[in-house]
Amino acid sequence: MTYLEAIGDGLRSAMRADPSVVVLGEDVGAYGGAFKVTKGLLEEFGPRRVIDTPISEAGIVGAAIGAALMGVRPVAEMQFADFISCAFNQIINVAATSAYRSGGCVPMVIRAPCGAGTHGGPFHSQSVEAHFFHTPGLKIVMPSIPADARGLLLAAIADPNPVLYLEHKALYRSQRGEVAEGLIQTPLGHAAVKRPGRDVTVVTYGMMVHRCLEAAEGAARDGVEAEVIDLRTLLPLDLETITVSVTRTARVLIVHEDRLRGGIGAEIAAHLGEHLFTSLDAPIQRIGAPDTPVPYAPALEAAYLPDADLIRDAIVRLARW
Amino acid sequence: MTEQARTASDPLAPAHPNLTDDDLRRLLRAMLLQRTAEDRIIKLYYQGAIAGACFTGYGHEAIAVGAASALGPDDVAATLHRDLGARLVLGMPLGYYFANFLGRTGSPTRGREGNLHIGGLGPRILLHIDHIGASIPVAAGAALAFSVRQEPRVAMALFGEGTLATGEFHEGANLAAVLRLPLVLVCWNNQFAYSTPLDREVAGPIVDRMAGYGMPACSVDGNDVLAVYAAAREAVDRARTVGGASFIECRTMRLRGHSEADDASYVPKALLAEWQGRDPVARFEAHLIETRRLTSAQAEALRADALAEVDAAHAWAEASPPPDPGELERGVYCEGRPWP
């Protein structure tokens with residue numbers, strides 16, 4: 001099934017298994033969601049569990065927090081990840097601090113369709129993970145394939161903490177693959193090695209996983225074998241999997257669609273610089289978007305996004321450092 | 001803003017028929033406990049025993065106690081820094097209050113929070129949310145949970161009139177209105193948001209705004225615990241039986257600064273004096289004596305009881321150890337720690 005269908009299937013499975021799981025958000029019920037992820041849920045589970053809300057991201061997330069405190073397992077949808085900034089206060093000040101301040105657990109999931117590549121322009125294309133990566137108390141996941149889209153969603157719903165589930169719009173219908181049945185989870189906090197390789201470690205996530213895999217195939221034609229790691233969970237980071245790989249390859253390239261400055265890659269690079277400096281044979285390299293909003297026109301958007309050729313060249317250069 | 005004020009000699013609202021004389025004395029007892037505990041905290045603050053800031057609900061006792069007393073045993077409330085009486089009515093041990101101010105591990109926050117920022121206390125007192133306005137969608141969410149499970153339970157939020165200027169109030173109130181959630185919004189209009197007077201916070205009468213949400217709203221004397229209780233009881237009963245949100249404006253006056261660091265010199269002296277003459281605690285005590293539900297000797301005994309309870313709670317908190325710095329990074333994520 002597609003990445004999009006895998007998310008919907010995960011939601012349906014969780015709702016069938018646990019009557020406390022509810023879905024709320026803008027246009028999620030009767031309309032089935034702006035991208036049709038929640039299509040059919042209203043018909044199966046009814047309006048008490050599939051709740052159409054007004055345009056009010058802070059209201060939606062706040063209500064999800066309150067419901068979670070009362071034992072409901074809400075899955076709140078931000079129609080686009082770009083809109084999550086309207087709920088920033090509820091996420092970072094309320095949900096994320098609850099456990100630390102009072103021991104009150106907030107088991108909730110916020111789904112947010114993110115990313116560029118669909119010509120959405122500055123307000124419908126953003127990568128928002130770095131805004132939240134700085135906040136203790138949250139977890140952040142971003143699947144790259146249907147199996148993880150389903151498995152990470154089930155893990156996020158089962159987790160007792162607030163989990164930000166970032167789903168990439170450009171992968172919705174472009175990615176197809178096998179998924180598990182039932183309630184099989186992709187455990188949070190575990191990266192996946194998508195392609196083994198001896199020469200260079202490429203750490204990435206989201207849509208860039210696919211561009212990195214394409215780049216790694218290109219580099220292989222030049223005799224360079226890159227190992228590609230899909231982080232899957234961004235917070236907490238699976239530093240162990242990265243460390244094992246980098247210790248072996250001694251060369252690391254970090255690739256993300258989000259801007260470089262202050263991004264997830266900066267934290268990974270800092271960690272590797274602090275802890276694996278003597279294991280490295282080359283400087284840590286990063287590829288990400290420039291310091292601009294996400295532009296609309298296809299030519300600009302393509303220039304904004306790292307492409308497979310750029311990544312392949314970086315892999316080869318790094319291997320030959 | 002003072003034309004709605006009554007004088008101290010004005011009679012209180014008639015007691016709600018559900019309230020027995022014992023209930024009335026319990027209301028007074030809770031109000032006395034809030035006042036006595038806050039007197040002690042103010043004293044500790046000026047002695048330098050409180051590391052952080054000091055906020056009280058001086059003058060808000062009738063609202064906190066009256067509104068929370070209208071809730072049923074399975075209902076919940078989102079409370080703020082002026083609502084000690086509501087927390088006490090909902091079952092918070094007074095020792096937590098002192099332990100939280102003193103930064104001791106006896107508090108459910110284990111020193112991570114100060115002031116009256118205590119929440120997550122059993123299922124009845126929601127997580128404390130300090131950002132003004134942010135508690136409204138969360139209280140609506142608690143009500144949503146009751147609606148999802150079709151439980152006859154009600155959520156209440158207590159907050160100041162400054163909240164009405166925030167976007168999150170609007171989002172929460174609107175959500176509750178369109179989803180017909182069992183929510184009671186209790187607004188203490190104490191006429192100032194820190195130093196900002198009411199006419200710079202909201203334009204026009206507060207209750208009139210609620211017509212825009214299609215929400216029943218009323219305005220009561222917030223220094224009359226019986227009036228607050230009656231209005232809250234009606235709203236709680238309506239939320240429980242037919243659903244939907246209600247709004248209650250409780251007119252009062254903040255009798256001290258925003259915090260103890262604020263001398264409140266911006267408050268006109270005559271206005272303050274007028275409201276000091278309408279002290280909700282003294283007024284209710286006098287009312288109970290006048291209506292022969294309480295003797296002067298019983299009133300004296302209630303005050304002595306409150307003082308003894310404050311002494312015991314304070315001593316309990318002082319005996320509670322400060323947090324171990326080794327605990328600094330514990331509990332950022334859920335530990336499944338049961339509610340205290």
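Reader: How many helices and strands are there in chain B?

Author: In this predicted model, chain B contains 11 helices and 7 strands.

Reader: What share of the residues in chain B is buried?

Author: A residue counts as buried when 20 or more other C-beta atoms lie within 10 Å of its own. In chain B, 54% of the 340 residues are buried.

Reader: Of the contacts in chain B between residues at least 6 apart in sequence, what percentage joins residues at least 24 apart?

Author: Among those contacts in chain B, 76% link residues at least 24 apart.

Reader: Which domains does the assignment give for chain A?

Author: The domain assignment of chain A lists domain 1 as 3–171 and domain 2 as 192–319. Their C-alpha centres in chain A are 27 Å apart.

Reader: How many residues of domain 1 of chain A are in contact with domain 2 of chain A, and which elements supply them?

Author: In chain A, 24 residues of domain 1 are in contact with 23 residues of domain 2. On the domain 1 side, α6 (129–133), β5 (139–141) and α7 (146–158) of chain A each supply at least two residues.

Reader: Which classes of residue make up that side of domain 1 of chain A?

Author: The side of domain 1 of chain A that touches domain 2 of chain A has 12 nonpolar, 9 polar and 3 charged residues.

Key:
Residues numbered from 1 in each chain as written. Chains lettered and ligands numbered in written order. Predicted model: local features only at pLDDT ≥ 70, side-chain atom pairs only at ≥ 80, totals over all residues. Helix = DSSP H or I, 4+ residues; strand = E, 2+ residues; numbered from the N terminus. Buried ≥ 20, exposed ≤ 12 C-beta atoms within 10 Å, placed from the backbone. Contact = placed C-beta atoms within 7 Å. Domains from an automatic or database assignment. Nonpolar A, V, L, I, M, F, W, Y, C, P; charged D, E, K, R; others polar.
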